[in-house]
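Dear colleague,

Please find below the structure that I am handing over to you.

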Amino acid sequence: MDEITAFLNLDFPSIILGIFVILCAVRFAASILEWLCSKLGIEWKWMRNNQEIRSSLNSLSDSIHKISTQIDGLCIKNELAEAASREALADRINQRYKCYLQLNGIPEDEVDEFQQLHAAYKGVGGNHSGDAKYEYCMKHLQIIPVETRLHYGETGHTAEGKE
């Protein structure tokens, strides 16, 4: 029973503080010992392991930096390719817009292609200029029916066999 009363009379904050001070002292002593060993050229197994880990982390960090640089370069190239595609598609929409205005309509066999061209233009971040030309053509120009005749060679024969 005396042991229990002695245990209950212990000052727990002082014990915890004492343990903390002892752990800090051990850590400080270990760092001094490590410094002294490194100056004297003495190497222990745990010191070698720490150096290997540091070396691995440094090489990993270098690899991550190289990969990050490569990704940045690829992102820039992708942005440039996207801008080039956007400009090429805008030019094609503009050419078709001018052609359709001269024809005063859109040939029926080109309607789907024109819609797909506009969808691709929007997909690469096309602006309102291409949208306006597309919308004008689709809303204000008529669809022109197209009659297709196949011609074979220089003889003038058609698919139906007539000249």
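The structure, which is a predicted model, holds three aromatic pairs. Tyr-97 and Tyr-136 form one of them, with an edge-to-face arrangement, a distance of 6.2 Å centre to centre and an angle of 70° between the planes. Since Tyr-97 belongs to helix α3 and Tyr-136 to helix α5 (residues 128–140), this pair ties together parts that are 39 residues apart in sequence. Tyr-136 has a relative accessible area of 36% and is therefore classed as partly exposed, the class that lies between buried, under 20%, and exposed, over 50%.

A further edge-to-face pair is formed by Tyr-100 and Phe-114, whose rings are 5.2 Å apart centre to centre, with 85° between the planes. Here Tyr-100 lies in helix α3 and Phe-114 in helix α4 (residues 111–123), so the pair ties together parts that are 14 residues apart in sequence. Both Tyr-100 and Phe-114 are buried. Ring pairs also bring in Tyr-134, so that Tyr-100, Phe-114 and Tyr-134 are linked into a cluster.

As to the overall architecture, the protein contains five helices and four strands. Read from the N terminus, the order of these elements is α-α-α-β-α-α-β-β-β. The protein has 163 residues, of which buried residues make up 15%.

The packing of two helices may be of interest to you. How do the axes of helix α2 and helix α3 cross? The axes of α2 (residues 12–40) and α3 (residues 45–103) come within 12 Å and cross at roughly 85°. That angle falls in the range of 65 to 115 degrees, and α2 and α3 are therefore roughly perpendicular to each other. On the side of α2 the contact is made by Glu-34, Cys-37 and Ser-38, and on the side of α3 by Trp-46, Met-47 and Arg-54.

Cys-137, for instance, is in no disulfide, and the nearest cysteine sulfur, that of Cys-99, is 9.6 Å away, whereas a disulfide would require the sulfur atoms to be within 2.5 Å. Cys-137 also counts as buried, at 0% relative accessibility.

Two further residues deserve a separate mention. Asp-131 is located in helix α5 and is buried, with a relative accessible area of 18%. Leaving aside residues up to four places away in sequence, Asp-131 touches His-118, Tyr-121 and Lys-122. The other residue is Asn-104, in the loop between α3 and β1 (105–107). Its phi is near 60°, a positive value in a residue other than glycine. Is Asn-104 buried, partly exposed or exposed? Its relative accessible area is 47%, so Asn-104 is partly exposed.

With kind regards

Conventions: Residues are numbered from 1 along each chain as its sequence is written. This is a predicted model: local features need pLDDT of at least 70, side-chain atom pairs count only at pLDDT 80 or more; totals for chains, interfaces and linings use all residues. Side-chain values use heavy atoms; hydrogens and water are left out. Buried means under 20% relative accessible area, exposed over 50%, partly exposed in between (1.4 Å probe, protein chains only). Axes are lines fitted to C-alpha atoms, for helices over the stretch in contact, and angles run from 0 to 180 degrees between N-to-C directions. Angles under 35 degrees count as roughly parallel, over 145 as roughly antiparallel, 65 to 115 as roughly perpendicular and the rest as oblique. Contact means heavy atoms within 4.5 Å. Rings of Phe, Tyr and Trp (its six-membered ring) pair if their centres lie within 6.5 Å; planes under 30 degrees apart count as stacked, over 60 as edge-to-face and the rest as tilted.
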